[in-house]
Amino acid sequence: MLFKCSVCGFIWDGDDAPDKCPKCGAPKEKFNQLEEDVAQLVLKSRETNDIHMNLAKHLAIVAELAQRGLEIKLDPGCVDIFEKATKAAYELRQMIKAELATHMTKQKWG
Ligand SMILES: [Zn+2]
């Protein structure tokens, strides 16, 4: 079950609310159990953030590989692919950063 601190928004996973909020120190009474549908959104949001982070890591590897390919510069066909990979990896990483930043600021699902 998920419990949310009504003071700071911290979300706690457990069978019961914590004695006090680990983030702001508010007492147990300040915690409310999240409704099942909201809890599902929080869990989905966490998993999605993990996927974004993981994807960004792989894109960094794509960028490194493409860079190496560009250095070797075997022929125009290869260079074209490595340039496209570099651009796509860069653009996707920027999009991921921007998306994660909106998750942080909006605290969409708590
Ligand atoms: Zn708190």
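What share of contacts in the protein between residues at least 6 apart in sequence join residues at least 24 apart? In this predicted model, the share is 44%.

## Overall layout

The elements run β-β-β-α-α from the N terminus. That makes three strands and two helices. The radius of gyration is 21 Å, well over the 13 Å that the globule rule gives for 110 residues, so the protein is more spread out than a compact globule. Along the principal axes, the C-alpha atoms fill a box of roughly 65 × 25 × 20 Å.

Two domains divide the protein: domain 1 covers 1-34 and domain 2 covers 44-110. Their C-alpha centres are 35 Å apart.

## Surface and burial

Of the 110 residues, 22% count as buried. The protein exposes about 8,000 Å². Carbon and sulfur atoms supply 59% of that area.

## Helix α1

Helix α1 takes in residues 36-72.

Several α1 residues are buried, including Ala39, Val42, Ser45 and Asn49. His52, Leu59, Ala66 and Gly69 are buried in α1 as well.

Most residues other than glycine have a negative phi.

Is lysine 73 buried or exposed? Lysine 73 counts as exposed because its relative accessibility is 60%, and the cut-off for exposed is over 50%.

Notes
Residues are numbered from 1 along each chain as its sequence is written. This is a predicted model: local features need pLDDT of at least 70, side-chain atom pairs count only at pLDDT 80 or more; totals for chains, interfaces and linings use all residues. Side-chain values use heavy atoms; hydrogens and water are left out. Domain bounds come from an automatic or database domain assignment. Helices (H or I, at least four residues) and strands (E, at least two) are DSSP runs, numbered from the N terminus. The expected span of a helix is 1.5 Å times one less than its number of residues. Buried means under 20% relative accessible area, exposed over 50%, partly exposed in between (1.4 Å probe, protein chains only). The radius of gyration is taken over C-alpha atoms; the globule rule is 2.2 Å times the number of residues to the power 0.38. Contact means heavy atoms within 4.5 Å. Accessible areas come from the Shrake-Rupley method with a 1.4 Å probe; for residues, only the protein chains shown count as cover.
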